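Open the model in your viewer and keep the sequence panel beside it. The stops below say what to select and what is there.

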Amino acid sequence: LDVARGPVLVADAARFDGGAWSASVVTLRASSALRFSRADLLEAAEQDPHLSRSFRAAAARTVRALVMRIDTVGAGTVEIRLTRFFDDLAARYGTPMGGARFIALPLRRREIASLVGAKAETVSRLMARWTREGTLRASRDGILWSRGTLLAR
């Protein structure tokens, strides 16, 4: 799961090593896209140092995001993992709204549970509690997340 704001370069590792594609792109808004053959892309990267640097930067961002996801799924209780997950989404994709951040991603609770390595029921209970406490508000449009002191509990 990732969100890209244009202009953006989306390049799966398969574009470079010829292996199977590991990702897909789904747009939430009307978008324009260009697709290049592997040969054309590699040739362009060889000729343009800026493009080559962009590929390396994109690869570094991907690796950092994977490390953060491992931390999110592998550390602590479900409450801590879910808090880190929402904090990360809010920091990367959230739009400030008062004392909270609005995350414009239409995520279902079972999808969230899968992303943090938890049961959907556990995630639903936590989200219901945070809704009662005013920390979270979920709708079809996205999630309003108020960073609290949940990790300190």
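Two strands pair if DSSP finds at least two bridges between them. Helices (H or I, at least four residues) and strands (E, at least two) are DSSP runs, numbered from the N terminus. The model is predicted: local features need pLDDT of at least 70, side-chain atom pairs count only at pLDDT 80 or more, and totals for chains, interfaces and linings use all residues. Residues are numbered from 1 along each chain as its sequence is written, and side-chain values use heavy atoms, with hydrogens and water left out.

**Stop 1: the hairpin**

Select residues 136-139, which are strand S3. S3 pairs with S4 in the antiparallel sense over four bridges, and a hairpin of two residues joins S3 to S4. Pick Arg137 and look across to S4: the bridge partner there is Leu144.

**Stop 2**

Ile103 has Ile143 in S4 as its bridge partner.

**Stop 3: the whole sheet**

Show all the strands of the sheet together. Four strands form an open sheet in the order S1-S2-S4-S3, with antiparallel pairing. Its edge strands are S1 (95-97) and S3, each of which pairs on one side only. Neighbouring strands are turned against each other by 25 degrees on average, direction ignored.

Which helix packs on the sheet? Select residues 78-93: this is helix H4, and H4 touches S1, S2, S3 and S4. Contact means heavy atoms within 4.5 Å. The direction of H4 makes about 85 degrees with that of S2. Axes are lines fitted to C-alpha atoms, for helices over the stretch in contact, and angles run from 0 to 180 degrees between N-to-C directions.

**Stop 4: H5 against H6**

Select helix H5 (residues 109-116) and helix H6 (residues 120-133). They pack at an angle of about 110 degrees, with their axes 8 Å apart. That makes H5 roughly perpendicular to H6 (65 to 115 degrees counts as roughly perpendicular). Show side chains for Arg109, Arg110, Ile112, Ala113 and Val116 in H5, which meet Ala120, Val123, Ser124, Met127 and Ala128 in H6. The residues of this contact divide into seven nonpolar, one polar and two charged.

**Stop 5: Ala65**

Finally, select Ala65 in helix H3 (residues 49-74). Is Ala65 buried or exposed? Ala65 is buried, with a relative accessible area of 12%; buried means under 20% (1.4 Å probe, protein chains only). Draw a C-alpha to C-alpha distance from Ala65 to Asp88: the two are 9.9 Å apart in space and 23 residues apart in sequence.

Notes
Parallel < 35°, antiparallel > 145°, perpendicular 65-115°, else oblique. Nonpolar A, V, L, I, M, F, W, Y, C, P; charged D, E, K, R; others polar. Buried < 20%, exposed > 50% of the residue type's maximum accessible area, 1.4 Å probe, protein only.
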